[in-house]
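Please look at the sequence and the structure before reading on.

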Amino acid sequence: MTDQVRRLYVLALSVLGFFLAWAGIAAHPWAAAASQESTSGAALARYEQRLRADAALVDELRAQRAALPAPSVRVVTLPPLTTTRSS
Amino acid sequence: MERRCFDAMGTEVELFLDADDDPGALDRAEDELRRLEALLSRFRPDSELSQLNRAGRMRVGPELLEVTTVALAARARTRGRFDPTVHDALVAAGYDRTFDELAEVEGRAAYRPVACGGRVAVDHATSTVELEEGFRLDLGGIAKGWAVDRVLAELAVHGPALVNAGGDLAVCGRAWPVGLDTPRGAITLELRDGALATSGRDRRSWRGDGGERHHLIDPATGSPADGDLLTVTVTARSAAEAEVLAKELFLAGDLSAATAEADGNAIPAVLVSRDGATVLAGGLR
């Protein structure tokens, strides 16, 4: 292999290396990782928000329930006025 | 004593009012129940609920906003055992039309379980409800219970009253004797200032490929609940709450698990298994 052919190979490999590095940098892999982190962080925040909203609803329901009079029920031998069944 | 019977919300409704100060009270109660049905039925394409299910996100009226809020609170309290997002699982199981229409259907598509537990966001500031894509609401039982409570509150202004809408019943003002049929004979429960709800697979069930199907979806599996229970009747302060408790106990798994839950949480209940065993639980005597 002559020096000229060797130089041509080196040049071709350099150009190939340059384009591979360029493609790698242009893909912004660090940006993807950061975006994934921010997506999971946002999902976690939404989940926490949902849990807080659910807890508030449960508190509201408990307060509404406590405000009603306590029901009283017992089995009797009277004839029924009406009959209930599966909804 | 005034009495009124009519069909609404897919069942027979009975109203009793022990007062005669306002002859129009029962008319208004009937109108209110029909108005709520028109808003909250999933079987009416023009109902507000059906519009929400089609749109996925919508500004809604105060009734739908409140029932959705109550249903979501129930889902949170029961850790998902009660779930208003079972709509598509019900449809997949074959309950895709009113029960009267269902009886006329022959030949059903193969059944597949459908995921439940979809996200539902309620924004009270803007009266907006938003459903996760792929999920729709079925407020059937809890909407009926909520409507019964609302109508009872209107009648209570005039005097002692009873509202009975199929399996959802609420009373106020005095003790009311209410009959409950079980395989071992009828029981009469004397109820004062409270509500009863019965969930069961004895009525709203149908045949499909692979056997019997019914309308009580277990959100954990996305298919009709398995287990040995036939019906569960529960007493609570309101019909909406009784409706949730009845479903919660029905989905406990079996008769012994439901009895233990009713006893442990002091929920007065009548539990009937498919082999006819009838248990009074939660301190009911």
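In this predicted model, the side chains of Arg4(B) and Glu30(B) meet in a salt bridge (2.9 Å, N to O). A salt bridge is a side-chain nitrogen of Lys or Arg within 4 Å of a carboxyl oxygen of Asp or Glu. The pair links distant parts of the chain, 26 residues apart: Arg4(B) lies in strand E1 (residues 2-8) of chain B and Glu30(B) in helix H1 of chain B. Helices (H or I, at least four residues) and strands (E, at least two) are DSSP runs, numbered from the N terminus.

**Salt bridges**
- A search of the whole structure finds 22 salt bridges over all chains.
- Across the interface of chain A and chain B, the rule finds one salt bridge.
- Glu190(B) and Arg74(A) meet through their side chains in a salt bridge (2.8 Å, N to O).

**Two helices of chain B**
- The axes of helix H1 (residues 25-40) and helix H3 (residues 62-77) of chain B come within 10 Å and cross at roughly 75 degrees; axes are lines fitted to C-alpha atoms, for helices over the stretch in contact, and angles run from 0 to 180 degrees between N-to-C directions.
- H1(B) is therefore roughly perpendicular to H3(B), a term that covers angles of 65 to 115 degrees.
- Arg35(B), Leu36(B), Leu39(B) and Leu40(B) of H1(B) make the contact with Glu63(B), Leu64(B) and Val67(B) of H3(B), where contact means heavy atoms within 4.5 Å.

**The interface of chains A and B**
- In chain A, 27 residues are in contact with 55 residues of chain B.
- The two chains bury about 3,500 Å² between them, 58% of it on carbon and sulfur atoms; buried area is the accessible area (1.4 Å probe) that two parts lose on being put together, summed over both.
- Thr84(A), Arg85(A) and Ser87(A) supply 22% of the area that chain A buries against chain B, more than any other three residues.

**Conventions**
- Residues are numbered from 1 along each chain as its sequence is written, while chains are lettered from A and ligands numbered from 1 in the order in which they are written.
- Local features need pLDDT of at least 70, side-chain atom pairs count only at pLDDT 80 or more, and totals for chains, interfaces and linings use all residues, while side-chain values use heavy atoms, with hydrogens and water left out.

Note on methods. Angles under 35 degrees count as roughly parallel, over 145 as roughly antiparallel, 65 to 115 as roughly perpendicular and the rest as oblique.
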